[in-house]
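Please walk through this two-chain model with me. Keep the sequence and the 3D view open side by side.

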Amino acid sequence: MLDIFAKAVKGVGWVSLLWFTLPALLLFCPTSKFLREISHHTVEIIDTISLTVGQVVKWALPLLVLTVAASVFALSLFGLSWTKLFESAQYLHATVIMLGAAMTLLLNEHVRVDIFQSRLKRPQKALVDFIGFHTGLMPVCLLLIWSSNSFIGFSWQILEGSAESDGIRGLYLLKTLIPAFAVMLLAQGLSIALRAVMVMRKLDEPKRPSHVHDLFPEAKGIGQ
Amino acid sequence: MSIPEGLSLLMFVVACGGLMGGYNVAFTLSGVAVIFAAIGSTLGIFDVNFFLAFPGRIFPLITREILIAVPLFVFMGVMLEKSRIAEDLLESLAVLFGPLPGGLGVAVVCVGALLAASTGIVGATVVTMGLLSLPTMLQRGYSPSLAAGTIAASGTLGQIIPPSIVLVVLGDQISNAFQEAQRSHGLVTSQVVSVGDLFAGALLPGLILVGFYALYIIATGIFSPNKAPATPWPVDQDRKVFITRALKAMLPPIILVFAVLGSILSGYATPTRAAALGALGAMLLAVIKTSDKAIFCKAAIISLLGIIALVIMDIMGVDMRFGQNDMTSFEQMMIILALVICSVVVVTLLLAFWPMLKSKQLSAVSHKTMTITSMVFAILIGATIFSLIFRGLGGDELVARFLGAAPGGKWGALALVMIVMFFLGFFLDFLEITFVVVPLVAPPLLAFGIDPIWLGILMALNLQTSFLTPPFGFALFYLQGVSPPEITTKILYRGVIPFIAIQFIVVFLVVFFPWLATALPNSLLS
């Protein structure tokens, strides 16, 4: 059963690799109406997913504060060491940082060295992101997904749980966050690369969700 | 030098160049590394199976207990900032110190030091401080260069003064490097280093910095009053009312920061747990400050008092563990009391959460905390991939050999590392340097017998100085981005020079008097 599921996931993965030729195709045939429409839909769908996941996952943070604070008192006051409580802090923390990364990319909150970048013109900034996606983000994420295969595969087979006897029985899910992080970033990177091509080719961009800023703002003079 | 080592060196150079391109740091670092790994494997000098180790190396990063402190500290800082508690703190300190020569400047330095935890990113802190205090300083007649210098320097103070997330990640890296030095560089010692040790070590040098900054500003105020004019207390208000109001805005955040720090240094709580209590405290303070309905305000106050009561009961050391055989009636009573307080805290806490949720404040704080934390960990993951491949190509041995051959032995190697880090600080932020450089250079340095805490503090001070140094200092770029046009580059440079001089003095003080960094952690240990 799990085997069929794994094969299906892999099949979908291989097929969706075709999608990653889209930015290059659009760059060379910007006039194709078909490509433009696919690109628009792709960008819209991916952005919506990243934002929705991010908006849900961020609520794990207040929970994390409460969980760790509760475990402080449980342990030091009453001598209760609930492994489950302690481990759930790990789960919350890992979920936030791994699943929030794609939204962070969309909101352009990942740090850049912008000494020179901030002075570039709009299409030049778009080019930086286009190249960066194809030489940086995409290979790294594909590598992470490929190398996770054996790391989580075994874990799923035995539905690995915590090493502690009274821990949470979901270590396989926690480990799956690594490829999930890579898949979400890969998709979000694709969406941004498509936007970059649209900027470079001066095509219409899909509407940006309300609180997403322009990813390639026109350079501002220093001191303004 | 063999071919793989040459390749690893080239990889480092290309990565530094690539970062200048302006794509996000995490994936530039790892992307360059992966490309070089591919080159290496076509040349037959890099084993592709090495890649299979990645998830196994990344997984501990995202689950390690000490690193859970990062989102918690960020949460605390963002909460203090968004609820305008930080802003009020600055305002009341400014008014209170007003009559002092250079008083406003001293207030800015103090706030910079207190808001240490708010972010780990130099840029963000400088921007916040700049937006918060630059207009006020100019308006009160401070000379633009003094104002700009003060803010740039105070913005970087947040890194060196605990509890800062920079020290959390640096402490984690130093602690790993120390184990590495013992494992594979033949260092014989049974000592371990913790993040708490680094906090303790940073305290004294950090306070010395704050003191020197303040002295410089006061001296300027005394000798050239037109550069840092004093502002007398308002005359039309009753002095008592006015001071009470200032204290009311000031004390809660100050007490909060000191409580968090104290609980870590005294060993009462691990940094992670102290951070969680700090975040909870910041949230309750925010409710007290911003809620317009008295009931929520009261709930938050009761909750805060309840938490304080629980901590006090805990410190008093009454044995309240469940399931003891010989429980005295006093202990039974205390357990019941503690349970009652606990349930009161839970109820009032839930009540206090409500206005936070309703005003979307909790949502905004969580949002910002998540983007900062995700960014930090993405860099951590990217840098880990980079160093793994760097090691795979044998680069770590190259670095170790290079440092071993440095003229002057231990001191030569240390000076070399410090100079390289200083220049890297022109291009890279604290996190990238900590994650990429420290794991490479620290184990061989520590193998010389250098004290790990001392090394960590020196690195932190060194980088902080680098961020202030023209023409590339990070802090300067960010400050200029939010300054009014009359602050020209020249004014800014002139303003930071005295602060850079102070930084160098403190760096050399710590170099020649290592006990400044090591005495406190050692005495806390024993």
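Which residues make the nonpolar surface patch of about 640 Å²? The patch is built from B:Leu204, B:Phe504, B:Phe508, B:Phe512, B:Phe513 and B:Trp515. Keep in mind that this is a predicted model. Helix H21 of chain B, residues 489-512, gives the most to the patch, with 3 residues. B:Phe512 lies in that helix. B:Phe512 has a relative accessible area of 59%, so it counts as exposed.

Turn now to chain A. It has 9 helices and 0 strands. Read along the sequence, its pattern is α-α-α-α-α-α-α-α-α. Its C-alpha atoms fill a box of roughly 65 × 50 × 25 Å along the principal axes. Of the 224 residues in chain A, 50% are buried. The accessible surface of chain A is about 10,800 Å², and 68% of that belongs to carbon and sulfur atoms. Contacts across the sequence matter for the picture too. Take the contacts in chain A with a separation of 6 or more: residues 24 or more positions apart account for 73% of them.

Next comes the interface. The size of an interface is often given as the accessible area lost when the parts come together. Chain A and chain B bury about 6,200 Å² between them. Carbon and sulfur atoms carry 79% of this buried area. Chain A brings 72 residues to the contact, and chain B brings 73 residues. How many salt bridges are counted between chain A and chain B? The count is 0. Polar contact between the two chains comes to 3 residue pairs, both residues being at pLDDT 80 or more. On the side of chain A that touches chain B, the elements giving two or more residues are helices H3 (33-57), H4 (60-78), H5 (83-99), H6 (101-106), H7 (114-117), H8 (122-157) and H9 (171-200) of chain A. H8(A) supplies the largest share of that side, 17 residues.

Charged pairs are the next topic. Side chains of opposite charge can pair when their charged atoms come close. A search of the whole structure finds 13 salt bridges over all chains. One of them joins A:Lys175 and A:Glu160, with the closest N and O atoms 3.1 Å apart. A:Lys175 lies in helix H9 of chain A, and A:Glu160 in the loop between H8 and H9 of chain A, so the pair ties together parts 15 residues apart in sequence. Are the two partners, A:Lys175 and A:Glu160, buried or exposed? Both A:Lys175 and A:Glu160 are buried.

A second pair also involves H9 of chain A. A:Arg195 and A:Glu205 meet in a salt bridge, at 3.1 Å from N to O. A:Arg195 sits in helix H9 and A:Glu205 in the segment after H9 of chain A, so this pair ties together parts 10 residues apart in sequence. A:Arg195 counts as buried because its relative accessibility is 2%. A:Glu205 is partly exposed, with a relative accessible area of 23%.

B:Glu81 forms a salt bridge with B:Lys368, the closest N and O atoms being 3.5 Å apart. Helix H4 of chain B (residues 69-82) holds B:Glu81, and helix H15 of chain B (residues 361-392) holds B:Lys368, so the pair ties together parts 287 residues apart in sequence. B:Glu81 is partly exposed, with a relative accessible area of 24%. B:Lys368 is partly exposed as well, at 26%.

Last, look at the segment after H9 of chain A, where A:Arg201 is found. A:Arg201 is partly exposed, with a relative accessible area of 39%. What does the side chain of A:Arg201 reach at 2.7 Å? It reaches the backbone oxygen of A:Leu27. Leaving aside neighbours within four places in sequence, A:Arg201 is in contact with A:Leu27 and A:Pro30. The C-alpha atoms of A:Arg201 and A:Leu26 are separated by 8.8 Å, although these residues are 175 residues apart along the chain.

How values were computed
Residues are numbered from 1 along each chain as its sequence is written. Chains are lettered from A and ligands numbered from 1 in the order in which they are written. This is a predicted model: local features need pLDDT of at least 70, side-chain atom pairs count only at pLDDT 80 or more; totals for chains, interfaces and linings use all residues. Side-chain values use heavy atoms; hydrogens and water are left out. Patches are made of residues with over 30% relative accessible area and no salt bridge: like charges are joined within 9 Å, nonpolar side chains (Val, Leu, Ile, Met, Phe, Trp, Tyr) within 5 Å. Accessible areas come from the Shrake-Rupley method with a 1.4 Å probe; for residues, only the protein chains shown count as cover. A salt bridge is a side-chain nitrogen of Lys or Arg within 4 Å of a carboxyl oxygen of Asp or Glu. Helices (H or I, at least four residues) and strands (E, at least two) are DSSP runs, numbered from the N terminus. Buried means under 20% relative accessible area, exposed over 50%, partly exposed in between (1.4 Å probe, protein chains only). Contact means heavy atoms within 4.5 Å. Buried area is the accessible area (1.4 Å probe) that two parts lose on being put together, summed over both. A polar contact is a pair of N or O atoms within 3.5 Å; within protein, one must be able to donate a hydrogen and the other to accept it, and residues adjacent in sequence count only if both atoms are side-chain atoms.
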